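Try each one yourself before reading the solution.

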Amino acid sequence: MDDWVIVMMLSGSLFLGGIALIAFMWGVKNGQFDDEEKYLNATKFDNVEDLQAAVEKEKKIEELKKKSYRPE
Amino acid sequence: MLKSIKNSKKIDYKENLKLSNKIICSHCHLEFSKDVMIVDGSHYFCCNGCQGVFHLLSDEGLDSFYAKTGDVKLSPQTAQYEDSSNFNALAFYDKFVKINSDGFSEVSLIIEGIHCSACIWLNEKALDKMEGVVEANINFTNNKATITWADSVVKLSQIIDMIRAIGYNAYPYDASLQEVHANKERKDYYLKMSVAIFASMNIMWIAVAQYAGFFSGMEQGVKTILNIAEGILATPVLFYSGWVFFRGSYYGLKNRVVNMDLLVATGASLTYIYSIFITISGKGEAYFDSVSMIITFVLIGKFLEVISKKNAADTLDIIGKHLPSEVNVIQNEKIVSLKLEDVLVGDIIVVSSGEKVLLDGLIVQGEGSFDESNLTGESKAIYKSLGDKVVSGTISIDADIHFKATRDFEHSTLSNLVSLLETAINKKPKIEQLANKLSEHFSTTILSLSVLTFFVWWFWPHSFEESLMVGISVIVIACPCALGLATPVATLVGLNLGAKKGILFKEAAQLETMAKVDLLLVDKTGTLTVGKPQVIKEERFDGFNINMLYSLVKSSKHPISTGITNYLENSKESINEILFNEFSQIAARGIVAKYNDIEVIGGNKKLMNEHNIEHQYESDKSLFYVAIDKKIVAIYELSDSIKDGAKELVSSLSKINIETIMLTGDHKKSAQKVAKTIGIENIHYELSPEDKLTLVEEFQKEGKVIVMVGDGVNDILALGRADIGIVMGSGSDIAVDVSDVVLLNNSLHSLLAAFKISDTTFKLIKQNFAISLVYNAITIPLAMAGYVIPLVAALSMSFSSLLVVGNSMRIKYKINRK
């Protein structure tokens, strides 16, 4: 077995594992795990309407940010 | 598809209603008979409030709420609230509203009336739909909400109105820095631990390959590749996850203390540097696995300590809830709301029935009874009229009065109580932990031994590399993991076991403190006794009528009446309830009623004297006289029964040298009687809450470590000040908040179990230290002599940690055997 096979396998698996770790850390930082009960309940209520609502909410926040922006 | 399922559910639900012939309110889901319901198309409502909320939700397109709630019952929408425009006051904004980095306003609220996850959904959706609300985030676990909004578009009062309109209420709390800080710290640990655990797990499987190669032979090229991979993984563990140890050792050195952080930091970083050196030179064995293992294990130990600390901020939030911030004051013949702090001495304040008195003063108009149990523990209502003194913290039961403030809020009784409480919590003496004391010496010793080993090897002609490796191996093998895990694992097992037995320790360190206790102070009523008087003796005379007596006592909620009602119900005599023509309760006296011109009077000695009824009966217990037409027909003697296990508690504690002293607000005779039955020698009676506090402080000055057990608001000062405050789960909210340990099942057996658990846990912690010290005493000399090969070092390090964890598990067996 050549050395490069080990290098490739190691770096490949560590890279994939690293992505999963970074995704998890992003979730923790974002507060997605702050309220475990809500996090679990979210799966029950997950539907198209709520996704739509979430998108609209993002838009609304952007608009409000523009509106309430006052240069010092 | 989803919608059709929801609709079919609704139809089933309505079918059920019709079949059962009972009508369920379409909003709150409570059952009512059909004739009291408001009919609105195909819907039925129990009240206008529910109807209003139902229509509001349909208009806003939020009616899928009902599919989400299922059969959960809500509170009907009936409550009346103070004007929400108060929330727009400048003073309110100053105190509670913060401006975030995007320029939006932010407030922290506690939402009342949340039953289920659908309620959270509804609140968040309803607020999100409002123009100007940026974000509403409600935590299901503690019902705390963070709401962000653009103040130029919508005002806070409109947001509060929306929450109220959909059937909930909200009150603000100060999300003090402390809580924010505690949450941030916890999150930080999560992140650090996830990196450390991820890297360690990966390093371990690479290390397995290396260990296999150590015995079966491995090419240097492959070895270097594995070392590099381990090195890459160990780097974030050391510098990101392990940062707390570098910081800890820096602050330690600044204060001239050698702590365990320094040992971990030097051990890990020297091993790391050495391993890099080995990887580059291609000779010897690298120890990257040890670097990440040490950091990960000790970090987990540290994390366990962080999460077991109680959140003092929550306590003060709840007390804040008990203090409304405004009072109604008469100014220029008009009633205006003033902030508590703005009320001056001499202002006339209006209090209606059911309201809390927030300032001290003298009544200038009106009369009625007050509940002073908050302050005195006295459960009887106290009647007050013109010229009498009202005290802050008491509650008006039926009095509508005007009173003149005699002290401003800052100097009021209530405010004094709160500030006393805050200092009591903060002044709690902290016993220095054994772990810190031990690890300080341990760290210094190991570091000096390692340096010594290095120099001895170097001067005893060996190569620099070899001497360095032996020196480092001393630090690596002197496993701080076992020492770091000794306390947290054992306390966690202890806390868990306590929780299973209905004992909630709010902080891990309390197990240790409780194991050192030498004095138990215990409240009488509700703690040693049940708090519900029972009939122990009955005497009946001519003219006795059980139907009249039963109907008389049944209509009163006083504990004595309840005691007699229960006694009569259990007597198995046939009883027919009658209806009185006239009926009145006289506070602190008894009950007077009339049935077809027959006068029935039931009550204490004072009531009999007032009605000129002759009686000759004395007792040290509570007496209840019954008179029909001015003639005594029965006498009941009642006494509060002592809780199961009280005697056993006192005798078991005296065996392990813990003295028990009883404190009570009750009078001498009744205190002595209870004490004699249980076997308590020392009692203090007729005590006010402040007296109890003073006693605790006096005992502490004598150097005693004190456990205080109580249940009422009148115990809170002592509970807060004692080294360990234990409260019965049935106790009042504030008492539960200030205490350190809660006995959920109110049982004295649990109290004894709490002592046993803490004692055993503390013993096992000491054993754990002994194990890790013995381990070090054996392995360190071997390492110094250069006999430790990498495999043994790694294995023995994990083994010592496992030994400590395994030993901690023994707490369960020890307690169950006792």
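**Exercise 1.** In this predicted model, work out how helix α23 (residues 646–655) of chain B and helix α28 (residues 748–784) of chain B are oriented to each other, and which residues meet.

*Solution.* 
- Step 1: classify the angle. Angles under 35 degrees count as roughly parallel, so α23(B) and α28(B) are roughly parallel to each other.
- Step 2: find the hand. The crossing of α23(B) and α28(B) is left-handed.
- Step 3: list the contacts. From α23(B) come B:A646, B:L649, B:S652 and B:L653, and they meet B:L748, B:L751, B:L752 and B:F755 in α28(B).
- Step 4: sort these residues by type. The contact of α23(B) with α28(B) has seven nonpolar residues, one polar and no charged.

**Exercise 2.** Repeat the analysis for a pair that spans two chains: α1(A) and helix α8 (residues 220–241) of chain B.

*Solution.* 
- Step 1: the axes of α1(A) and α8(B) are 10 Å apart, and the helices pack at an angle of about 15 degrees.
- Step 2: with the cut-off for roughly parallel at under 35 degrees, α1(A) and α8(B) therefore count as roughly parallel to each other.
- Step 3: α1(A) passes α8(B) in a right-handed crossing.
- Step 4: on the α1(A) side, A:D3, A:I6, A:V7, A:L10 and A:L14 take part, meeting B:G221, B:V222, B:I225 and B:A229 in α8(B).
- Step 5: by type, the residues of this contact divide into seven nonpolar, one polar and one charged.

**Exercise 3.** How far can you trust chain A, and where in chain A is confidence lowest and highest?

*Solution.* 
- Step 1: take the chain as a whole. Chain A averages a pLDDT of 78, and 74% of the residues score at least 70.
- Step 2: go element by element. In chain A, confidence is highest in helix α1 (residues 3–29), at a mean of 91, and lowest in helix α2 (residues 36–45), at 67.

**Exercise 4.** Is B:I726 buried or exposed, and which residues does B:I726 touch?

*Solution.* 
- Step 1: locate the residue. B:I726 sits in strand β30 (residues 724–728) of chain B.
- Step 2: count neighbours. A residue is buried if 20 or more other C-beta atoms lie within 10 Å of its own; B:I726 has 29, so B:I726 is buried.
- Step 3: look along the chain. B:V742 is 16 residues away from B:I726, yet their C-alpha atoms are separated by 5.7 Å.
- Step 4: list contacts, not counting residues up to four places away in sequence. B:I726 touches B:V707, B:M708, B:V709, B:S739, B:V741, B:L743, B:L751 and B:A754.
- Step 5: link back to Exercise 1. B:L751, one of the residues that B:I726 touches, is also among the α28(B) residues that meet α23(B).

Terms used: Residues are numbered from 1 along each chain as its sequence is written. Chains are lettered from A and ligands numbered from 1 in the order in which they are written. This is a predicted model: local features need pLDDT of at least 70, side-chain atom pairs count only at pLDDT 80 or more; totals for chains, interfaces and linings use all residues. pLDDT is the predictor's confidence in each residue, from 0 to 100. Helices (H or I, at least four residues) and strands (E, at least two) are DSSP runs, numbered from the N terminus. A residue is buried if 20 or more other C-beta atoms lie within 10 Å of its own, exposed if 12 or fewer, and partly exposed in between; C-beta atoms are placed from the backbone. Two residues are in contact if their C-beta atoms, placed from the backbone, lie within 7 Å. Axes are lines fitted to C-alpha atoms, for helices over the stretch in contact, and angles run from 0 to 180 degrees between N-to-C directions. Angles under 35 degrees count as roughly parallel, over 145 as roughly antiparallel, 65 to 115 as roughly perpendicular and the rest as oblique. A crossing is left-handed if the near helix is turned anticlockwise from the far one by less than a right angle, and right-handed if clockwise. Ala, Val, Leu, Ile, Met, Phe, Trp, Tyr, Cys and Pro count as nonpolar, Asp, Glu, Lys and Arg as charged, and the others, Gly among them, as polar.
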